[in-house]
Amino acid sequence: MTVNAQRILVVEDDRPLRTTLTATLRAEGHVALEAGSVSEARRQVGEAKPDLIVLDLGLPDADGMVLLKELRAANDLRPILVLTARGDEAAKVAALDAGADDYVTKPFGVPELLARIRSALRHGVQVKGAAPLIRSGDVEIDLAHRSVRKGGQPVKMPRRE
């Protein structure tokens, strides 16, 4: 686990896809949590307190929209990225209006999904009111702009770091 590891809950009933997504997130340095249903997701949200939720809508015990609406009704501001096969405009509008931060349709490209997750996590830091700027000595890390400075000078770092 890296210093900036975020807890990401993947709510997906398709086990092979869920396994692939969690493995990908772990490879990116995140703590990946799994749920195959709305009831499992509720438990994970309460116990593990994920920083972001990747939410399928077509789940076996309830529509993912139920969970989305419950979380937003409880003033839960953590980022929620909907990842679903429902590609029609009405479904997208309904999810976004219900409080989803982003909406990705299947099939999807992993690089794009990871970029959307990074974006949602950046926004989540700002919404939580956490300082997007971390200072330690002469090192300054700007989370919002994804940059590092040492002694006032920019530090070049690999994209993954």
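The model is predicted: local features need pLDDT of at least 70, side-chain atom pairs count only at pLDDT 80 or more, and totals for chains, interfaces and linings use all residues. Residues are numbered from 1 along each chain as its sequence is written, and side-chain values use heavy atoms, with hydrogens and water left out.

The chain contains five helices and nine strands, where helices (H or I, at least four residues) and strands (E, at least two) are DSSP runs numbered from the N terminus. From that terminus on, the elements follow the order β-α-β-α-β-α-β-α-β-α-β-β-β-β. Of the 161 residues, 37% count as buried.

A nonpolar core is a set of buried Ala, Val, Leu, Ile, Met, Phe, Trp, Tyr and Cys residues joined through side-chain atoms within 4.5 Å. The largest such core has 22 residues, of which Leu 9, Val 11, Ile 53, Leu 55, Leu 68 and Ala 95 touch the most other members. Two or more residues each come from β1 (7-11), β2 (31-35), α2 (38-48), β3 (52-55), α3 (64-73), β4 (80-84) and α4 (89-98). Helix α3 gives the most, with four residues. Beyond its neighbours within four places in sequence, Leu 68 is in contact (heavy atoms within 4.5 Å) with Leu 55, Ile 80, Ala 95, Ala 98, Gly 99 and Ala 100. A second, separate core of 16 residues includes Leu 17, Leu 25, Val 104 and Leu 114. In soluble globular proteins, nonpolar side chains tend to be buried together.

The whole structure holds twelve salt bridges, each a side-chain nitrogen of Lys or Arg within 4 Å of a carboxyl oxygen of Asp or Glu. One of them joins Lys 106 and Asp 56, with the closest N and O atoms 3.6 Å apart. This pair links distant parts of the chain, 50 residues apart: Lys 106 lies in the loop between β5 (102-105) and α5 (110-127), and Asp 56 in the loop between β3 and α3. Glu 12, Asp 56 and Lys 106 are linked in a network of salt bridges. Another salt bridge, at 2.7 Å from N to O, is formed by the side chains of Arg 116 and Asp 102. Arg 116 belongs to helix α5 and Asp 102 to strand β5. Arg 116 is partly exposed, at 27%, while Asp 102 is buried, at 17%.

Conventions
Buried < 20%, exposed > 50% of the residue type's maximum accessible area, 1.4 Å probe, protein only.
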